[in-house]
Amino acid sequence: MDRNEEITLTQMRKSVEKLGSSTESYGEKTLMRFLIARSMDPEKAAKMFCQWKKWRAEMVPLGYISDSDVADELAAEKVYLQGLSKNVHPVVIIKVNKHFPSKDQVQFKKFVVHLLDKTIASSFKGREIGNEKLIGILDLKNITYSNVDVRGMITGFQFLQGYYPERLAACYLLHMPQFFVTVWQFICRFIDKATREKIRIVTSEEQREQFIKDVGEEVLPEEYGGRPKLVLLQDVAVNY
């Protein structure tokens, strides 16, 4: 960390205190994520950090969301956690053709938090460093109109942007059908520029080969050009 970053970080800590909160027990790498997300503006980063702490206390009072809290969503067996990529990022896969818009939005939001928290937790043993990132893969193969969940996708990306700043390394969209293109264009209106730049739509064979190269054959399941089998999210044990 250079001198300018140290000064900005100190300013952010002071701004957080002025807002009636504290950065105690949060390391530099965690705080830097908020600064980067707010273009190194200490006051804006402090505001985002305080909003995140408040949201976290309300949404995840125990520090984690258990499987039993999101049992209906897990029962669909639509999310898979595959281990670490070449760049040591945990890889989470969502098979969208197994997803249907939830009638219980509270549980769905908890499920988004559950899968993001568990994915991040799978990247380390022991204590979290604070700058861990994840790779998301949205597989749109064989989806129909009944699988389309605009509200759900917007919620997912907005949670990433607002409450998991700088956690996304990359997001790959595979097998996008033509009818979904217009839907995706609408969803993109709710995704900020920094997040959109990390999203890659894989269509050509060249893009597919690059996708396999970037993520790694050792972690990608067989059906995506790799070697392992799919591993359900609920079958992976982590320490929060």
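Serine 22 sits in the loop that joins α1 (3-18) to α2 (28-37), where helices are DSSP runs of H or I with at least four residues, numbered from the N terminus. This is a predicted model, in which local features need pLDDT of at least 70 and side-chain atom pairs count only at pLDDT 80 or more, while totals for chains, interfaces and linings use all residues. Residues are numbered from 1 along each chain as its sequence is written, and side-chain values use heavy atoms, with hydrogens and water left out.

Serine 22 counts as partly exposed because its relative accessibility is 30% (buried means under 20% relative accessible area, exposed over 50%, partly exposed in between, with a 1.4 Å probe and protein chains only). Leaving aside residues up to four places away in sequence, serine 22 touches Val16, Phe49 and Lys53, contact meaning heavy atoms within 4.5 Å. A polar atom of the serine 22 side chain also lies 3.0 Å from the backbone nitrogen of glutamate 24.

Arginine 56, in helix α3 (residues 42-59), counts as buried because its relative accessibility is 19%. Beyond residues up to four places away in sequence, arginine 56 touches Pro61, Gly63, Val113, Asp117 and Tyr164.

Val113 leads on to the largest nonpolar core, where Val113 is among the residues, including Phe180 and Ile187, that touch the most other members of the 57; such a core is a set of buried Ala, Val, Leu, Ile, Met, Phe, Trp, Tyr and Cys residues joined through side-chain atoms within 4.5 Å. Domain 1 (3-59) and domain 2 (67-235) both give residues to this core, so it lies between them, the bounds coming from an automatic or database domain assignment.

Methods:
Helix = DSSP H or I, 4+ residues; strand = E, 2+ residues; numbered from the N terminus. Polar contact = N/O pair within 3.5 Å; in protein donor to acceptor, adjacent residues only side chain to side chain.
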